[in-house]
Amino acid sequence: MLDPRDAQDLAQIITDAGARGTPLELRGGGTKADFGAPREAEVVSLTALTGVVDYDPAELVLTVRPGTPLADVQALVAAEGQMLAFEPYGAPGATIGGAIAAAVAGSRRVTAGSARDHLLGFTAISGRGESFVAGAKVVKNVTGYDLPKLMAGSWGRLGAMTELTLKVLPAPRCTVTLMAEGLMAEAAHALMAAALGSNADVSAAAHLAHGITLLRVAGFAPSVEYRCNALPKLMTAHGTFSRLDGAEAAPLWHEAMTGNALHGAIRWRVHLPPRRAPELVARFGTQWAMDWGGGQVWIALDDTGTALREAAAALGGEAVLMQAPPEMRTRVPAFQPRAPGVMALEARVRRAFDPLGVFATARFAEDAHADQLPA
Amino acid sequence: MPLPDAATLAKRERIIAAMRAIVPGGGVLGGSVIVETDALRPWESDALTAYRQPPMLVVLPETTAQVSAILKWCHAENVKVVPRGSGTSLSGGALPLADAVLLGLGKFKRILEVDHEDRIAVVQPGVTNLAITQAVEGRGFYYAPDPSSQIACSIGGNVAENSGGVHCLKYGLTTNNVLGVELVLMDGEIVRLGGRHLDPCGLDLLGVVVGSEGLLGVVTEVTVRILPKPETARAVLVGFPDAEQAGTCVAQVIAEGIIPAGMEMMDRPAIHAAEAFVQVGYPLDVGALLIVEVDGPAAECDYLISEIARIASENGAATSRVSTDEAERMAFWAGRKAAFPAVGRISPDYLCMDGTIPRRRLPEVLRRMEELSAHHGLGVANVFHAGDGNLHPLILYDANVPGQLDAAEAFGSDILRLCVEVGGVLTGEHGVGIEKRDLMPVMFTDADLKQQQRVKCAFDPDLLLNPGKVFPVLHRCAELGRMHVHHGQVPFPDLPRF
């Protein structure tokens, strides 16, 4: 494993890899190393690139190095009454760079946006070994192409970030979870759609297969109080609610946003139009959890086939293979393949950052043409 | 701008014939393909009227297939294309070229679908920003980004420019509210990026298309998110002795965890111009005026307004008025929304700038702007999206006085250089276009700009789509793709390269 001490070191490693024809896998905490196809690549650990470069809470802007542990970043902003609004989560050791590169977003994503919506700017080393800057360190900017959008969720395939600037927001002063029990998927989805479509400013909505439906109401206390009273009246057709405090609700939300409590060797994450979520879960057993009002569904199975991916596609969604034995990950690409024209365009964009294929490790086999290792 | 290509001009008649074959039909004013000199004049500029250039011709297709055929033909014939929505760009993004086809999307007017349950609307690019809200408000929804030109500007143009508005601190820019587009590439290929659900697989190409100023492709369909309309909104109007106190008030509001729906600041010249124009009762003896709007349930608005009033008073507010009804709230906004025409009344011409700065640098920036004002001999009035640090200095000049336009542009450039110097950016919401193109090297290094241009090459390798905008130097894609070869060996020899 290569372990660059700083950005210069990293640039040299990338330049050398290009010259040698050795693909590199960029890694933060390595908590997602089992995602994607098994591959042979030299790993570059970014965990030495840590620390806060600048943080001015009143500007709502935070600049950090990518290897900074996610938990440290969250603790730092929490101490100022702020948050990363896309609610990233990770296993112990997860880094902020990894969370952004994998576009990890929790339950609040449905109303607050994803990693892409909160990455304001970055400095990175491209596959050419060149350092470049994109975006900016202010919250409002349209100067030049919005490359931060491309970088978020790019899984280290465009460049190695050396510094990233995030938008931070005030954390809600008060959060209450309203819980309904005993609803089937169809009814739960209707409830979530009604709540998210109401003006009661529900910030997250999830439903667990064991019949628990969650609505999160957050903000200043007088407003939260008012909305927690108003919502059940708007929702009389959907049953009754009980209130959970933060500690009671946290494990349930965690279950909904991570799918971690589900049983099965194969774990899929499906993004789809929320109204199609009940149809999907009806076909795939009992090990599932809906978040984002139904827009994200976790499903665990023991079957190593791809019927679920086909079903998701038929419903207008896309299934990501999040966890599976190596044999299946070799055979089934992590991401649902896009239309050929889009795949070709993605490949051209990747080559715009990485002409030599330094970051092409065969981890993402759905685009074999661009990501295959040289014979 | 690049010099017009003689070979293209020489085949104008052939281009016209080809466009008429693709988009038949007569109708008013030359029909769907406009070629007469008089009829081309209305198309010679967008809202940045200091720049004018009649296009070679205008074509107004109605279907994606026609857009695809037009681009495919132009690509094969090496003819440049400038896409245009409603032409409200403030940065010259839709400025025509003498040797380019101007591709107008004005006939793409249909709202294709509204899905209230999934909270999305699928619309054609020529639909106006406001028309989306009008189509969904019956069921209590709206489309959040609200650029001041929302009555006229098109959603396709909003996508190209990543438009904002006074509410974007809380609700985001266009990019945060768009789920998918249908895009036609310069070679005529039609692709769908994103769609009807969140976080699709693959690279976020949609994210880079939004705000690409018409350089990457032509948008022919847009899927937007719609939001439930807040129960109510209230505003407070606060006057401060000077802008510094107004600035510390803004910082404290945010530090106390409040993200208002809108937070606008005006300086003394802007206050006076606006009040003289619309007479809404703005205090005239203050140095800075803040309009803070909150929205949500009434209980929340009441609470937040009282908190903001407290913070304002702690920061030395001289006057404070809370809106008691909708009419009064609208009156508070009337002056702010009329600020541009109001300044247009006190000065024959004005140039509107659009930099963003870290808010903490505001007092310094305003002080140095006064010095620049004296240096260039031109007045300036400031309106300011205070919550997100987006400044709109309005430089006052008279185009009929020789030298004043040049002085105004030099003043504007100095302001934007100042914004970058203090850690900000050249444009917060208006786009680079032609206006700020040559200032790009102030903010980006050569390596930064080349990386952006390589993305352009991935979409449009022949640089035919909206050339001359955004980038100060046009590098050929082959030149940008060049790379070092060590010992005569290219690594990964089977990879495709451009």
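Okay, let me start with a term: a salt bridge here is a side-chain nitrogen of Lys or Arg within 4 Å of a carboxyl oxygen of Asp or Glu. A:R227 and B:E300 make one of those, with their closest N and O atoms 4.0 Å apart. Between chain B and chain A the count is 10 salt bridges.

Quick caveat: this is a predicted model, where local features need pLDDT of at least 70 and side-chain atom pairs count only at pLDDT 80 or more, while totals for chains, interfaces and linings use all residues. Residues are numbered from 1 along each chain as its sequence is written, chains are lettered from A in the order in which they are written, and side-chain values use heavy atoms, with hydrogens and water left out.

Now, the interface. On the chain B side, 96 residues are in contact with 83 residues of chain A, contact being heavy atoms within 4.5 Å. The two chains bury about 7700 Å² between them, 60% of it on carbon and sulfur atoms; that's accessible area (1.4 Å probe) lost on putting the two parts together, summed over both.

So what does chain B bring? Helices and strands are DSSP runs, numbered from the N terminus (H or I, at least four residues; E, at least two). The most comes from α17(B), with 9 residues.

Where do α12(B) and α13(B) meet? B:G335, B:R336 and B:K337 touch B:A339, B:F340 and B:P341.
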